[in-house]
Amino acid sequence: MRSRMLIEEKTSKTLRDLGAKTPDAIGELFAEVTSALDNERQSLVSEGAADDRERSQKVKDLRDRWLARKNGILSFIDGNWLKKASKGLKPAVGREFNKLRESASCMEIAELVKVVHIVASSNSVDEDKMHASLPGQQRILLQHPTRAKDPPRHALGQMTTADLTLPGNRRALGSIHPVTRVMREIEDIFLGLGFTIETGPEIETTYYNFDALNIPESHPARDDWDTLYIDPVKSGRLLRTHTSPVQIHAMEKRGAPLYIICPGKCYRPDNPDSSHATIFHQVEGLAVDTDITFADLKGTLDFFARKFFGEKIRTNFFPSFFPFTEPSGDVAISCTICDGQGCRVCKESGWLEVMGCGMVHPDVLEHGGIDPKKFSGWAFGLGVERFAMMKYGINDIQLFGQSDVRFLEQF
Ligand SMILES: [Zn+2]
C-alpha cells in the first residue's frame, strides 16, 4: 500500500520537484514505476478471482488505474514528467516513457488470473460437476493456499490438475517450397535415366569456379560485378557463381564413365529485378563416356523437356558460346503460351530459351583428370527458378525469397 501511495504521489509532481536532474535519476524513477506495475499485476495473478465476473472487474480496475486517459498513472507521467521536462532531459524521459507504455500495454492478463475454487476438506464437492461448470480452457483447478482454511494435505498435490481430455493445439502444416519442388522433379527425371546426384561446397576457390572450367582471368565473368569474393584478393575464395565446379570435383573423385546432375545454390551480385536474384538455384548435368556425341545430348534434353513441360513440347538447339563447352548451344522449347505461333512472351519467335548446353571442352576434361582422347562428354545447365516460373506462371523471381505465406501456401 505504501508503494502505491508513493507512485501516485510521485507522479503528481514534476521531475524538478522530485529532484531528478540526470538521465540516471530518471531511469531510477521509471524503474520504480515499472516494478510497481509488475507487482500489482503479479499480485492480481496470484490472488485469483472467485468467478468470471470478479475476474473481469479486477482486471478492468487494474487497467483503469494505470491506463485510463484521465487520471490513469500513465497520464500523470505524461503530463507531469514528460511534458514538463526540460529540453535537455526530454529525450531520456521520452525513451523511458515509451518503454513503460509498451510494458503497460500488455495488460491482457485476464487469462492468467485463475478462478479459484475452495475444495472443501470433506470432499463433498463433486469434481466432475466442477469441471462441467467451467468453460473450456479454464478447467484447471487452482487452489490458492491462503484462501482455504486448513488446506488438506493431499490438496497440495492437486494444485494444478490439467484436464487431459481437452483437444491439443493444432500446428498449421507447411508445404514444399516451389523451388525445392521443381528441383526434385528435375532430379527424378534424371535419376530415372540412370544419373546420380552430386553436390559440392558453396564456397569455392577461383580454380574450381573459373580456371578449371576454362574461364581465364581476362573473362568478363571474373569481374567484380558478377562474383561475390570472400577474400579481398580476387584470387582467393568466392561464393560459387554456378554449380559447374561440382563437375570438376566429381570427375577428379570418380573418373569416367560419369553420369551426374548437380543441383544447388549459386550466388551472383546482380541487381535484383523480376528475373535476377543474388541467390538462385541451378541444376547442371554431365555425361562422360566413350563415344558420347551431340546426338546423345539432344536426345536426352529433348526427352527431359517433354517429361517436364509436357509431351507436346518441341525443342530447338541454337549455337551459343560458353568457355567450358565446344561446341556450345542454347536449348529452346516451343512457346508454352502460343505453342510456337508467336506471341509477346516468346517475342514472336515461337521459342523460349530454357538452358545452355554443349560438348565438354577437352581442356575441362583434362582438368578433371579424364583423358579427352579416350572420353568425350556433354553438359547442360539450367536455372531452377526460371523453370518454376514457367511451370507455375510466376512473373517475379523475388517472390521465391520473400517467405510470404500467401505466396508459398499455393504450392
Ligand atoms: Zn509464344
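**Reading burial, cores and strands**

Student: Which residues of helix 6 are buried?

Tutor: A residue is buried if 20 or more other C-beta atoms lie within 10 Å of its own, exposed if 12 or fewer, and partly exposed in between, with C-beta atoms placed from the backbone. In helix 6, Val93, Glu96 and Phe97 are buried. They lie on the same side of helix 6 because they cover an arc of only 105° around the axis, taken from the directions from the helix axis to the C-beta atoms. This is a predicted model, in which local features need pLDDT of at least 70 and side-chain atom pairs count only at pLDDT 80 or more, while totals for chains, interfaces and linings use all residues. Residues are numbered from 1 along each chain as its sequence is written.

Student: What do the buried residues of helix 6 pack against, and what does the face turned away carry?

Tutor: Helices (H or I, at least four residues) and strands (E, at least two) are DSSP runs numbered from the N terminus. The buried residues of helix 6 pack against helix 3 (23-47) and helix 5 (73-82). The face turned away from that buried side has the exposed residues Pro91, Asn98, Glu102 and Ser105. Helix 6 (residues 90-105) has 16 residues and spans 22 Å from first to last C-alpha, close to the expected 22 Å (1.5 Å times one less than its number of residues).

Student: How is the pLDDT to be read here, and where does it stay under 50?

Tutor: pLDDT is the predictor's confidence in each residue, from 0 to 100. The chain averages 83, and 85% of the residues score at least 70. Over residues 118-153 the pLDDT stays under 50, and the model has 38 contacts beyond four places in sequence for them. Two residues are in contact if their C-beta atoms, placed from the backbone, lie within 7 Å.

Student: Which residues touch the most other members of the largest nonpolar core?

Tutor: A nonpolar core is a set of buried Ala, Val, Leu, Ile, Met, Phe, Trp, Tyr and Cys residues joined through C-beta atoms within 7 Å. The largest has 56 residues, and Val288 and Cys357 touch the most other members. Strand 11 (residues 351-360) gives the most to this core, with 6 residues. A second, separate core of 15 residues includes Leu15, Ile26, Leu74 and Trp81.

Student: Why does histidine 281 count as buried?

Tutor: Histidine 281 counts as buried because it has 22 C-beta neighbours inside 10 Å. Histidine 281 is in strand 8 (residues 279-289). Beyond four places in sequence, its contacts include Val179, Cys266 and Glu385. Glutamate 385 is 104 residues away in sequence, yet the C-alpha to C-alpha distance is 6.6 Å.

Student: How many bridges join strand 9 to strand 10, and strand 10 to strand 11?

Tutor: Strands of a sheet pair through backbone hydrogen bonds, either parallel or antiparallel. Two strands pair if DSSP finds at least two bridges between them. Strand 9 (residues 315-322) and strand 10 (residues 325-334) run antiparallel, joined by 7 bridges, and a hairpin of 2 residues connects them. Proline 319 has glycine 329 in strand 10 as its bridge partner. Strand 10 also runs antiparallel to strand 11, with 8 bridges, and serine 328 stands opposite glycine 358 there.
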